[in-house]
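Hi,

Here is the structure I promised to send over.

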Amino acid sequence: MDEQARKTALRMIPYGLYVLTAGTKETAIASATINWVTQTSFAPPLLALGIKTDSAVYATARKSGDLVLNILGKGQGGLAFAFFKPAEYANGKLGGQDVRWAANGAPILTSVPAAVELKVRHVVELGDHHTFVAEVTNVHINHEIAGRPDEAVLHMKDLGEKVFYGG
């Protein structure tokens with residue numbers, strides 16, 4: 001397979017950007033910017049998330065089974081970059097960001113437009129990112145969404161011409 005052609009073709013798949021959080025105040029908290037997310041079912045509502053196997057959020061998600069997918073909005077590129085590296089929970093903030101707590105105990109970033117509480121139902125262990133299939137257990141709209149909801153999301157392409165993931 002031509003490697004450059006592979007990268008080009010796979011980079012044509014549009015990606016939103018999200019901060020995944022796992023853990024609770026009483027346990028370890030982990031977070032990471034992720035972008036391999038898609039809805040896979042309406043009933044029950046299921047999402048599939050690709051999570052890097054050597055990340056702290058992977059280990060915490062496997063252990064707790066409870067997650068929050070924080071959906072980044074347009075103009076929140078700084079948040080995406082902030083959670084590309086491990087973020088510390090200190091003084092009531094995660095990576096310097098205000099949080100509130102989901103019913104499942106995981107942190108919700110209060111500055112994001114929306115967040116989705118998830119319960120892990122299955123993990124497909126293939127590749128360097130495992131696919132978590134998770135059921136939506138609750139949703140939070142933190143700010144009014146004007147226009148089409150899918151246009152309010154920060155996309156990988158919004159981070160600049162040289163920023164890619166995957167391919």
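Let me start with a charged pair. Aspartate 98 is partly exposed, with a relative accessible area of 40%; for these labels, buried is under 20% relative accessible area, exposed is over 50% and partly exposed is in between, using a 1.4 Å probe and protein chains only. Its side chain meets that of lysine 93 in a salt bridge, 2.5 Å from N to O, where a salt bridge is a side-chain nitrogen of Lys or Arg within 4 Å of a carboxyl oxygen of Asp or Glu. Lysine 93 is partly exposed too, at 32%.

Before I go on, some housekeeping: this is a predicted model, local features need pLDDT of at least 70, side-chain atom pairs count only at pLDDT 80 or more, and totals for chains, interfaces and linings use all residues. Residues are numbered from 1 along each chain as its sequence is written, and side-chain values use heavy atoms, with hydrogens and water left out.

Back to the charges. Side chains of opposite charge can pair when their charged atoms come close. A search of the whole structure turns up eight salt bridges. One of them links glutamate 135 and arginine 121, at 3.0 Å from N to O. Glutamate 135 sits in strand E11 and arginine 121 in strand E10, so this pair ties together parts that are 14 residues apart in sequence. (Helices, H or I with at least four residues, and strands, E with at least two, are DSSP runs numbered from the N terminus.) Glutamate 135 is partly exposed at 21%, and arginine 121 is partly exposed at 49%. Another bridge joins arginine 148 to aspartate 150, with the closest N and O atoms 2.6 Å apart; aspartate 150 is partly exposed, at 40%.

Now the inside. The largest nonpolar core has 24 residues, and those with the most contacts inside it are Leu20, Leu49, Leu69, Leu118 and Phe132. By nonpolar core I mean a set of buried Ala, Val, Leu, Ile, Met, Phe, Trp, Tyr and Cys residues joined through side-chain atoms within 4.5 Å. The elements giving it two or more residues are E1, E2, strand E4 (46-52), helix H2 (56-64), strand E5 (66-71), strand E10 (114-124) and E11. E10 gives the most, with five residues. There is also a second, separate core of 16 residues, with Leu17, Leu94, Leu109 and Leu159 among them.

Leaving out residues up to four places away in sequence, leucine 69 touches Tyr18, Val19, Leu20, Ile34, Val37, Leu47, Leu49, Ala114, Ala115, Val116 and Leu118 (contact means heavy atoms within 4.5 Å).

On H2, the buried residues are Val57, Tyr58, Thr60 and Ala61. What covers them includes E1, E2, E4, E5, E10 and E11. Just after H2, glycine 65 takes a positive phi of about 75°.

Histidine 140 lies in strand E11 (residues 129-141) and counts as buried at 13%. Its side chain makes a 2.6 Å polar contact with that of glutamate 117; a polar contact is a pair of N or O atoms within 3.5 Å, and within protein one must be able to donate a hydrogen and the other to accept it, with residues adjacent in sequence counting only if both atoms are side-chain atoms. Threonine 24, in the loop between strand E1 (18-22) and strand E2 (30-34), is buried as well, at 17%.

Asparagine 91 has a positive phi of about 55° although it is not a glycine, and it is exposed, at 78%. The peptide bond from alanine 43 to proline 44 is cis, with omega near -5°; proline 44 is in the loop between strand E3 (37-41) and E4.

Lastly, the record: UniProt (unreviewed entry) places "domain: Flavin reductase like" at residues 10-162. UniProt positions are given in the numbering used here, feature names are shortened, and annotations may be inferred rather than shown by experiment. That span is 10% helix and 42% strand, and its end C-alpha atoms lie 15 Å apart.

Cheers
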